[in-house]
Amino acid sequence: MMKSQMTRLFLYAVMEVLETGDFLFRDVPSSAALPIIRPALGRQHSMSDRAKGAMQGYLNHFLSNIDIVNSQEVCKFLEVSKLSFAPEYGPKLKEDYIMVKHLPKILDNAEDRRCCSCQWLCCCRDNWQKVWAVLKPGFLAFLKDPFDPKPLDIVVFDVLPASDGNGEGRVSLAKEVHDHNPLRHYFRVTCGTRSIKLRTKSNAKVKDWVVAINDAGLRPPEGWCHPHRFGSFAPPRGLVEDGSQAQWFVDGSAAFEAIGLAIEEAKSEIFICGWWLCPELYLRRPFHAHASSRLDSLLESKAKQGVQVYILLYKEVALALKINSVYSKRKLLGIHENIRVLRYPDHFSSGVYLWSHHEKIVIVDHQICFLGGLDLCFGRYDSGEHKVGDHPSQIWPGKDYYNPRESEPNSWEDTMKDELDRLKYPRMPWHDVHCALWGPPCRDVARHFVQRWNYAKRNKAPNEQAIPLLLPQHHMVIPHYMGKNKEIESGENSDYGNHKDVRRNDSFSSLSSFQDVPLLIPQEADGPDAVKIEPKLNGFNPLHDLHGQTSRLSRNPFFFGKCKIEPLIPDMPMRGFVDDHDTLDLQSEMSHMKQTGLEVSEKEWWEIQERGDQVASADEMGQVGPRVSCCCQIIRSVSQWSAGTSQNEESIHSAYCSLIDRAEHYVYIENQFFISGLSGDEIIQNRVLEAIYRRIMRAHNEKKCFRVIIVIPLLPGFQGGVDDSGAASVRAIMHWQYRTICRGHNSILHNLYNLIGPKMHDYISFYGLRTYGRLYDGGPVASSQVYVHSKIMIIDDRTTLIGSANINDRSLLGSRDSEIGVLIEDREFVHSSIGGKSWKAGKFAMSLRLSLWSEHIGLHAGEVNQIRDPVIDSTYKDIWMATAKTNTTIYQDVFSCIPNDLIHTRVSLRQCMSFWREKTGHTTTDLGIAPNKLESYKDGDITGTDPMERLKSVKGHLVSFPLDFMCKEDLRPVFNESEYYASPQVFH
């Protein structure tokens, strides 16, 4: 009763002030939630100024009572909902009741959902029903009523086409719809593949909604409906100090450790997206000592704590792949009700059979995300040692002892049972690169996940209540929104909100502290009530590294700064309701670095590296990079089938081509595939190869040193020997890669040789990785390729591209496989050299290159300076190329392994395989088992030596890519192979 009386008094007071221009409540306490905004100096105190100031003061004081905020009368009068007061979704824009027709029937209160109150017109027979619409900067949501936290539907704003096809300019997000009945007032919202017709009570409301929606999505030049650099949906982040940070991980052991630690710290939500996911994967090894690190155990623990887990899996074509996503889904859903799983696409209904969802994403609480080449599945865990054996089982249990060249499991029901005989077959070591992102880039990735999740939910489970639609958390799209500490000190306006316990609550009627009350009117930070907040983001503290230790760059608190948002619509009521708190101010130490210059002395930096003052433990040095502030832009490959977008986005492809064209000194690429085309190639459409070719020719014409180094797998990682009848897929991929590299008029080496001759190897060279070891103590010595699965490009020690995309048409065209990546541009530099001249190298890019190269060519920490300059002859020729050549020769002498440059035909391959299998007594697919003794001739006598003695001369894992392997064979499928009848696009 008291609450109802207070509400009526409040509404009366508001109307009285608005009607008379006078103010009734002069005794507003100074401790109100927001200070009164006073007129500027030199301006007369008009009646409206006094009324505005009084009303602001009263509203702040009145609404500091959470019970009043929860009042239905107040919320309806102010046109607010539960989403209005959720700071993670951004500032309040427009909200109101509207009519929709596209939603399923809402059963409760059906009478209240009639489109009008008339009793004799038959206008309600066409299924229009009333819902509450909420417009936010990044989406338009529809709720059953203002007090329901779960959306019935949501339109996530995305890039619109540049033209509507009718010559009327760019497509509008919202547009009026004229009807023959003058009593009906419609407008249409179009985004991606969706076009929703909506209805209001008056034409004036239609105009208000159309203007508000278009302003939210279109008016800011950096808005979500505009393409950004490279055509990406996301703008570059970190152009100012906005909290954008990145950190790299080499190989699975380091990355999985970090992912496991982040999941353990989750407080609100976990998003996982993958091509393949194994619930039984251990994130730490030895697995016997880390039972709790198994992925299903980690997720179960967090789900029981109330963390919501959303997992989006690729639904494979079972005849083509053996990843068994239905098993993974069933296993995960049986863990806890807080774990939701979607598999997509539905092949029959979507008509998509050839393409896959290939992203690898983990996002925790919208605060940290991981992306790159690593799926959370078997076979990916590895370290820089790249061991070939594990007997007895310590590191790789059961089917995690994985070698797809030998055998793919037919069943995943008993995952802890070995698929391979560990005494006879080596595992296939796995090389990969992953990264972690903090700040706005992380939330851009989360927005991408939300977009994909909602699209899959609408298509796969539109009426399944247990699978909710997700809302993208807000952050300003404009990259220069940050307020800085020094600006606060100098009196510039800013304010700070509290992000403590930011999670998706189903109710905002729970008890709340004063700081939890939403702030309704912009606050001046220079007022006496300005407060500095110590934040804790959803319980996960980004100020500490993943091992619980404060990192060097993160010792001081972040602050949460508000963006000054200008009114988008002149007549929008109460348009400043919720401040934008979703911005980060970098800590004072980083600001100090900015003021004093971002260059760090070489000695200081490497001392820090050796101390391990980063997100790494002592035994991981070299596999974990420094966490640094940098410029980041999320790029992706998506289209209508994969994400419901209105057009293809191929920003990864555009970024590759643009970055290569702008490279000054070198391009370093690691990728699972290398299939690309030159200009004029009518089959292969991506133009990464053309960009490399043009850049090399420009360097040659300018007589400048320029290097392109490409590391790829020695053989495709699919089952079957190169000559096996069932290995047509392996041969087909080899065909397209050799067509790109060195065979035929479409290859880059063929074209370069025609113009510059043998000097082409000064500009571009290709490599693979190989390793060796005993299968067990006293067992045979085995060798295997180290499967290169990383998808990275490093340019000039300043720019890095990391993601899930391969270099082929499948990954780069946007219309085929879905992919995601990040372009990282350094902002912190160290003194280095390139081409014998002084060079400011980026901390992120250079440290990653040095780590990779040190692992590949077997350098220790104290020897890193030998490869600091990546392009001079003493590095490129005397160390890099020489190491690869020496290692290749040794492996050939010991193992005669496949592939190699001495085998040109399938006949010679069969002869070689037969001879070595008989000699060693092993039947491995690609040979790779050394004889007990190596035979050599000395003084006319045959002597035998231990193969391990010869292998001691191998340094690292780098070997030359065999350009002449099977060079006299046509490797394309033939008519009696099933692959012959498949589209060639499947393989490239």
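Me: Where is the place of Asn-324?

Reply: This is a predicted model, in which local features need pLDDT of at least 70 and side-chain atom pairs count only at pLDDT 80 or more, while totals for chains, interfaces and linings use all residues. Residues are numbered from 1 along each chain as its sequence is written, and side-chain values use heavy atoms, leaving out hydrogens and water. Helices (H or I, at least four residues) and strands (E, at least two) are DSSP runs, numbered from the N terminus. With those numbers in hand, you can find Asn-324 in the loop between strand 10 (308–314) and helix 8 (325–333).

Me: Near what value is phi of Asn-324?

Reply: Asn-324 is a residue other than glycine, and its phi is positive. The value is near 50°.

Me: Does Lys-703 count as buried or exposed?

Reply: Lys-703 is in the loop between helix 16 (688–701) and strand 20 (707–711), and has a positive phi of about 55° although it is not a glycine. Buried means under 20% relative accessible area, exposed over 50%, and partly exposed in between (1.4 Å probe, protein chains only). Lys-703 has 75% relative accessibility, so it counts as exposed.

Me: What percentage of the residues of the protein count as buried?

Reply: The protein has 23 helices and 31 strands. Of its 988 residues, the part that counts as buried is 61%.

Me: How many residues has the largest nonpolar core?

Reply: A nonpolar core is a set of buried Ala, Val, Leu, Ile, Met, Phe, Trp, Tyr and Cys residues joined through side-chain atoms within 4.5 Å. Among the residues with the most contacts inside the largest one are Leu-140, Phe-157 and Leu-437. Apart from this core lies another, of 70 residues, including Phe-230 and Ile-903. The number of residues in the largest core is 110.

Me: Which residues does Asn-454 touch, not counting residues up to four places away in sequence?

Reply: Asn-454 is found in helix 10 (residues 440–460), and is buried, with a relative accessible area of 1%. Contact means heavy atoms within 4.5 Å. Beyond those sequence neighbours, Asn-454 touches Ile-154, Val-156, Leu-469 and Leu-470.

Me: How far does helix 22 reach from its first C-alpha to its last?

Reply: Helix 22 (residues 906–920) has 15 residues. The expected span of a helix is 1.5 Å times one less than its number of residues. Helix 22 comes close to the expected value, reaching 21 Å.

Me: Around how wide an arc do the buried residues of helix 22 lie?

Reply: The buried residues of helix 22 are Leu-909, Cys-912, Met-913, Trp-916 and Thr-920. They are on the same side of helix 22 because the arc they cover around the axis is only 100°. The arc is that of the directions from the helix axis to the C-beta atoms, and the value to remember is 100°.

Me: Which residues are exposed on the other side of helix 22?

Reply: What covers the buried residues of helix 22 includes helix 21 (873–895). On the other side of helix 22, the exposed residues are Gln-911 and Glu-918.

Me: Where is the place of Pro-899?

Reply: A cis peptide bond, with omega about 0°, joins Ile-898 and Pro-899. Pro-899 has its place in the loop between helix 21 and helix 22.
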